[in-house]
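We will go stop by stop, selecting a few residues at a time.

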Amino acid sequence: MSAYPRSYNPFDDDAEDEGARPAPWTDARNLTDGPESPADRQQALRQEVLRRAEATVASTGRSLSLMYESERIGVASSEELVRQRGALERTEKMVDKMEQDLKTSQKHINSIKSVFGGLVNYFKSKPVETSPTQNGTLAPEPSSRLKEAISISKDQEARFQASHPNLRRLNDSDELSVGLGRLKDIALGMQTEIEEQDDILDRLTTKVDKLDINIKSTEKKVRQL
């Protein structure tokens, strides 16, 4: 029977003295359950995958929240554009009414220039007056592109709020893609609306300049009476 235990290496070079105890024998098979074993590495890998997946879900959730907030701001800005359009349209109608009233006044002035024929001509050919405008104001009609974008966004928001939170998380990735599409439609709709309002502003500016000239001309005629 050997004098050395089975767990020691009898050929260890470090054993210089005969009375020295041999070094323990290291068997690679005994490391399978150690801290660096394949099983531990596989478990660590699974944990890393789960951690990254959770981080991705959290990042998607934050992006989705930012997208919804941007969409709400876009809808609010679009609705403000619609109200601005209404103000421009009402202003244009007021200028048109002032222009019509000024034309009527000019006809009156022209009709009384002549002492003898003025009154006769005035009663013979009474100026045609436009029918009075109704007191009620019509709701402004935005561009069809912006109107559709606002409608779709509001409808989607209502469906999202009514859905279950778990279903929201399952569809986060798809909803983010679709939501970005809606946000793009809102931006394009706002661009179209701004371009149309620019046309109204140009038209209104021309009418105001013309009205100003006519007012000065009418004042001059009044002073000449």
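## The coiled-coil spans

Select residues 81–108: their end C-alpha atoms lie 41 Å apart, and the span is 100% helix and 0% strand. Helices (H or I, at least four residues) and strands (E, at least two) are DSSP runs, numbered from the N terminus. Now select residues 194–221, a span that is also 100% helix and 0% strand, with its end C-alpha atoms 40 Å apart. UniProt, in an unreviewed entry, gives the feature "coiled-coil region" for residues 81–108 and 194–221. UniProt positions follow the numbering used here, feature names are shortened, and annotations may be inferred rather than shown by experiment.

Before moving on, please note that this is a predicted model: local features need pLDDT of at least 70, side-chain atom pairs count only at pLDDT 80 or more, and totals for chains, interfaces and linings use all residues. Residues are numbered from 1 along each chain as its sequence is written, and side-chain values use heavy atoms, with hydrogens and water left out.

## The whole fold

Zoom out and colour by secondary structure. The protein has five helices and zero strands, in the order α-α-α-α-α along the sequence. Of its 225 residues, 24% count as buried (buried means under 20% relative accessible area, exposed over 50%, partly exposed in between, with a 1.4 Å probe and protein chains only).

How many salt bridges does a search of the whole structure find? The total is 16, where a salt bridge is a side-chain nitrogen of Lys or Arg within 4 Å of a carboxyl oxygen of Asp or Glu. Side chains of opposite charge can pair when their charged atoms come close.

Select helix α1 (residues 38–111) and show R51 and E48, which sit three residues apart, about one helical turn. Their salt bridge has its closest N and O atoms 2.6 Å apart. R51 is partly exposed at 46% relative accessibility, and E48 is partly exposed at 28%.

Next, pick E69 and R72, joined by a salt bridge of 2.9 Å, N to O. This pair too is three residues apart in helix α1, about one helical turn. E69 has a relative accessible area of 36%, while R72 is at 37%, so both count as partly exposed.

Then go to K97 and D101, whose side chains meet in a salt bridge at 3.0 Å, N to O. Here the spacing in helix α1 is four residues, about one turn of the helix. K97 is partly exposed at 32%, as is D101 at 36%.

Show E195, D198, D199 and D202, which gather in a patch of negative charge on the surface. Patches are made of residues with over 30% relative accessible area and no salt bridge: like charges are joined within 9 Å, nonpolar side chains (Val, Leu, Ile, Met, Phe, Trp, Tyr) within 5 Å. One of the four, D198, lies in helix α5 (residues 172–223) and is partly exposed at 37% relative accessibility.

Last stop: G179, also in helix α5. Is G179 buried or exposed? G179 is buried, because its relative accessible area is 0%.

Terms used:
Accessible areas come from the Shrake-Rupley method with a 1.4 Å probe; for residues, only the protein chains shown count as cover. Lys and Arg count as positive and Asp and Glu as negative; His and the chain ends are not counted. The place of a charge is taken as NZ of Lys, CZ of Arg, CG of Asp or CD of Glu.
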